[in-house]
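Student: I would like to go through this model term by term. Please set each value against its cut-off.

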Amino acid sequence: MGAGEGRVGGGGGTEGRGAAVGRTLTAVPDPAPDPVSPAPPALGEAAAVGAGLDALDGPVLSTAGPLTSLRRFLVGRVLPPAVAAVLVLLLWQGACAAHLKPDYLLPSPADVWHALSDQWYEGTLFSTVWTSVRRGALGFAAAVGLGTALGLTLSAVRTLRVALGPLLSGLQSLPSVAWVPPAIVWFGLSNATMYTVILLGAVPSIANGLLAGVDQVPSLYLRAGRILGATGPAGVRHVLLPAALPGYLAGLKQGWAFAWRSLMAAELIASSPELGLGLGQLLETARSYQDMALVLAAIGEILAVGIAVDLLLFAPLERRVLRARGLAVSRR
C-alpha cells in the first residue's frame, strides 16, 4: 500500500505538473498577426530604391514657379559672370589709380567707355562690327561645307585618312597668322585674302571634330542603318551624322574660334581702305595713332562678338544635343 500510494502520489504529481504547464500556456496566448503590419525594413528599402530608379527613368519635371525659375537663372547664370566682370573692372581701375603705367599707356575704364561712345556718335560702331561679323560668317559657312566634306571623305577612305590625317592635325596646330603673308602674295589686299585665311584656319578643326565624332559611333548603329536600307548619302544623313553630332558640334565650335581668330589676324596685317573698316583694321589704326583707349575698346568689341556667338549659337545647340541623348537633364 505504501508503494502503491507512492506511485499514485507520483502519478498525481505528474498530473499536477502537466496541469500547471497547461495553465501557463493558456495564460500566455500566441500574438495574433497584425493585418496592417509594415513591411520588413529590408523590403521597404528595396521598394524605395526601386521607386527611385523608376523616377530616374522618367522625365524630370520642374515644379518651380516662374519667379523661382527666373531667380535661379539669374543667380546661376547671370550673377557669376557679372561678378567676374565687376572684379576685373575693379582691378583695372585699381591699377590705373596706382599709376602702374602712364594714362596714355593704361587708360581707365571710363576712358575706354568714352572711346566706345565716340564710335557710337560717329556712327561707326555697328558698321565696323558688322563688317567683321559678315566676313567671319561667310568664311565660316564655307569652312563648314569644306570641312564636313573632307571629314566624311577621310572617314570613308581609310588609306586617305592615314595619309592626310597627320597633315590635317599639323595644319590645325599651325598659327593662322602664318597664312596671311602668302595669302596677300596670292590674292593681294582683297576679301579673297581674308576668306583664304579663314578657310585654312577653320577647315582642319571642323574635319578633325567630325572624324572624332565618327570614331565614337557604335558599329551597331551603322549595321542597323544598312539593314533598314540607309546606305550611301541616306546613311550619312540619317545615321552617321546624327550619331556623330556631339563630336561634330565640338569641331564646329572650335572651327568658329579659329575662323574668328584668323580673320582678326588677316585684318590686322592686310588693312586697306578698299577693304572697309573691320575690327582688325580698327585695332591697327588705333595702334598707329597710339590711342590706347580705342585699342582696348576694339579688343572689347572683338571679345564681345566671340562671347555673343558662343552664348547665342553654340551653347543652346550643345544643351539641345546633350538633352536629346540623355546626358543633361533639367534640375528641380
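Tutor: Start with the aromatic pairs: the count comes to five. Rings of Phe, Tyr and Trp (its six-membered ring) pair if their centres lie within 6.5 Å; planes under 30 degrees apart count as stacked, over 60 as edge-to-face and the rest as tilted. The model is predicted, so local features need pLDDT of at least 70 and side-chain atom pairs count only at pLDDT 80 or more, while totals for chains, interfaces and linings use all residues. Residues are numbered from 1 along each chain as its sequence is written, and side-chain values use heavy atoms, with hydrogens and water left out.

Student: Why is the pair of Trp186 and Phe187 called edge-to-face?

Tutor: The centres are 6.5 Å apart and the planes stand at 85°.

Student: What makes the pair of Trp256 and Trp260 stacked?

Tutor: The planes of Trp256 and Trp260 are 20° apart, with 5.6 Å from centre to centre. That angle is under 30 degrees, so the pair counts as stacked. Trp256 and Trp260 are four residues apart in helix H11 (residues 245-269), so about one helical turn separates them. Helices (H or I, at least four residues) and strands (E, at least two) are DSSP runs, numbered from the N terminus.

Student: How do you know that Trp256 and Trp260 are buried?

Tutor: Trp256 has a relative accessible area of 10%. Trp260 has 6%. Both values are under 20%, so both residues are buried. Trp256 and Trp260 also belong to one aromatic cluster with Phe140 and Phe314.

Student: What makes the charged end of Arg261 sit over the ring of Phe258?

Tutor: The rule asks for NZ of Lys or CZ of Arg within 6 Å of the ring centre and within 35 degrees of the ring normal. For Arg261 the distance to the centre of the Phe258 ring is 5.1 Å.

Student: Why are H5 and H13 called oblique?

Tutor: Helix H5 (residues 125-156) and helix H13 (residues 292-324) pack at about 50°, with axes 11 Å apart. Axes are lines fitted to C-alpha atoms, for helices over the stretch in contact, and angles run from 0 to 180 degrees between N-to-C directions. Angles under 35 degrees are roughly parallel, over 145 roughly antiparallel, 65 to 115 roughly perpendicular and the rest oblique. H5 and H13 are therefore oblique to each other.

Student: Which residues make the contact between H5 and H13?

Tutor: Contact means heavy atoms within 4.5 Å. Leu125, Val129, Val133 and Phe140 come from H5, and Glu301, Val305 and Phe314 from H13.

Student: What is the phi of His99?

Tutor: His99 has a positive phi of about 55°, although it is not a glycine. Most residues other than glycine have a negative phi. His99 lies in the loop between helix H3 (66-97) and helix H4 (109-122). Its relative accessible area is 59%, so His99 is exposed.

Student: How do you know that Ser262 is buried?

Tutor: The relative accessible area of Ser262 is 0%, so Ser262 counts as buried. Ser262 lies in helix H11. Neighbours within four places in sequence aside, Ser262 is in contact with Ser176, Val197, Ile198 and Gly201.

Methods: Buried means under 20% relative accessible area, exposed over 50%, partly exposed in between (1.4 Å probe, protein chains only).
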